[in-house]
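Please read each one with the structure open beside it.

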Amino acid sequence: MDETSDEPPTSAVLLDNCHFSQVIFNNVDKFYVPGGDITCYYTLTQNIVPRGKDWVGIFRVGWKTTREYYTFMWAPLPSDARSDTAVQQQIQFKAYYLPKDDEYYQFCYVDQDGVVRGASVPFQFRAETEDDILVVTTQGEVEEVELQNKNLRKENEELKANCASLEKQNINLEKELNKMQELQNSLESLRSNTEKLELELNSLKKENKQLKELDDCREAELHQLKEQIQNVTSDKERLETRLKTALDHMDQLQSQVLNYEKEVENLSLMDRDKTEQLESLKEENRQLRAIGTQQQQNHDLMKELEEQKRLFQILQAKKNEANEENQKRREDELLRHLAQAEEVSSFSVASQAQAPIPSPEVGRFLFGNPYCAAGAKLGAGAADLVSIRKCPTCDEVFPEDSETSQYEAPVQSHVLKCPVCSEIFEKSNKQVFDDHVFCHGLE
């Protein structure tokens, strides 16, 4: 039915809310011949402002909403945009989109909000009949027809006047309807406000009831508070008398406290003097204790030093005795070896007297050196004495071919040497060594 794919804007607004007087359709025939295009003429009054989505539709008589259109065409915008004058417009409907039945239809102008702004008189789509063809045969009939036409024109003018008055009445009715609508809206708002007020009133009633209950409770509490106040007042009076007595007693106590404070101050001064004296005595006592401790330490050290000296003298005497014994033993060994050397020497002289005289190339002496053998044996005896190397502390024996450093290293590991006087102490007497070094520090 629609010659375009776009659907026009429609609404479910009923006829009571439409404004049919803003667009007036002109030259609408009673019927249109099927199969031909028709042109719709209408006038836009100054009460409407045309917009781009306004449209003109063909509706079957008896429609209820703008959604019940049969076909429609978009309404062109007028070239003259002034809204204070009426504008004539026209639209052509193609035959293909027109209805094919003989029901009554009418044109309706609908704005882009879907509200009807004007409607035409009903018309039909049907072919001409013989009743619609007027055949004039006589002059009297012509005059009669003219008279009928004249009467029809008068009736038409009267109908137009009635239509204009009806349009005015319609405008007035629309204004009244708008007022009624406003009043209805106001009534609705008043109803909603009334409902809200009723709800508030109910809530206030509930609050009032609760407040009354609270008031009753408060009255009972107030009565209790009054009794408590009376009790408190009596207690206050009793306490005031006790307070007065206590204040008098406190004045006496304050005077006593002042006397006590003076005595305490005097005692504090005395105590301060005593404290200072006690501190000085403590300091002197501490110094005396330190001196006594130092003296006691020095006395103990002197005792230990004397004991160490005595032990050292004893050890020194033992060492001297040992050295003397070793010296004697060495001298005895040397004499014994010398005696053996003399015996050997005498034996060698006798043997050389019987031997042949060697060539001068053998040596400087003709019969050799008579002391060579004795000297050799004496050297051997000295070598034997030297080869006897034994650590005096751990009795460790060192081989004959060992170096002196190899012998001295373990011997020195068993002794402690004073760094001041180079005195030697055994390592087992480390306390004696420490005391000895400490005595050097006291000098």
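1. Three strands form an open sheet in the order E1-E3-E6, and their pairing is antiparallel. This is a predicted model, and the whole note should be read that way. E1 and E6 are the edge strands, each pairing on one side only. From one strand to the next, the twist averages 30°.

2. Within this sheet, E3 and E6 pair in the antiparallel sense over seven bridges. Two of the facing positions can be picked out by name. Tyr-42 stands opposite Gln-89 in E6, and Thr-43 stands opposite Gln-88 in E6.

3. Next, the two faces of E6. In a regular strand the side chains alternate between the two faces of the sheet. The covered face of E6 holds Val-87, Gln-89, Ile-91 and Phe-93. The uncovered face holds Gln-88, Gln-90 and Gln-92. A student can check this by stepping along E6 and noting which face each residue belongs to.

4. A polar atom of the Gln-89 side chain lies 3.1 Å from the backbone oxygen of Pro-76. Leaving out residues up to four places away in sequence, Gln-89 touches Cys-40, Tyr-41, Tyr-42, Leu-44, Pro-76, Leu-77 and Pro-78.

5. There is also an open sheet of four strands, in the order E5-E4-E7-E8, with antiparallel pairing. Its edge strands are E5 (69-74) and E8 (116-119), and each of these pairs on one side only. The twist here averages 25° from one strand to the next. Strands of a sheet pair through backbone hydrogen bonds, either parallel or antiparallel.

6. E4 and E5 are joined in the antiparallel sense over five bridges.

7. Gln-106 is a residue of strand E7. Is Gln-106 buried or exposed? Gln-106 counts as buried because its relative accessibility is 12%. Its side chain makes a polar contact of 3.0 Å with the side chain of Trp-63. Setting aside neighbours within four places in sequence, Gln-106 is in contact with Gly-57, Ile-58, Phe-59, Trp-63, Ala-119, Ser-120, Val-121, Pro-122 and Phe-123.

8. Now the nonpolar residues. In soluble globular proteins, nonpolar side chains tend to be buried together. The largest nonpolar core has 21 residues, and those touching the most other members are Phe-25, Ile-38, Tyr-42, Val-56, Phe-93, Phe-107 and Tyr-109. At least two residues of this core come from each of the strands E1 (23-26), E3 (38-44), E4 (55-60), E6 (87-93) and E7 (105-110). E3 gives the most, with four residues. A second, separate core has eight residues, including Trp-55, Phe-72, Val-110 and Val-116.

9. Most residues other than glycine have a negative phi, and most peptide bonds are trans. Asn-27 has a positive phi, near 55°, and is not a glycine. Asn-27 is found in the loop between E1 and strand E2 (31-32), and counts as exposed because its relative accessibility is 63%. Ser-422 is not a glycine either, yet its phi is positive, at about 65°. Ser-422 lies in the loop between strand E12 (415-417) and strand E13 (424-426). With a relative accessible area of 42%, Ser-422 is partly exposed.

10. Last, the protein as a whole. It has four helices and 13 strands. Of its 443 residues, 19% are buried. The protein exposes about 33,700 Å², and carbon and sulfur atoms supply 54% of that area. Among contacts between residues at least 6 apart in sequence, 60% join residues at least 24 apart.

Conventions: Residues numbered from 1 in each chain as written. Predicted model: local features only at pLDDT ≥ 70, side-chain atom pairs only at ≥ 80, totals over all residues. Heavy atoms only, no water. Core = buried A, V, L, I, M, F, W, Y, C linked by side-chain atoms within 4.5 Å. Buried < 20%, exposed > 50% of the residue type's maximum accessible area, 1.4 Å probe, protein only. Pairing = 2+ DSSP bridges. Axes fitted to C-alpha atoms, helices over the stretch in contact; angles between N-to-C directions. Polar contact = N/O pair within 3.5 Å; in protein donor to acceptor, adjacent residues only side chain to side chain. Contact = heavy atoms within 4.5 Å. Areas by Shrake-Rupley, 256 points an atom, 1.4 Å probe, with all protein chains shown as cover.
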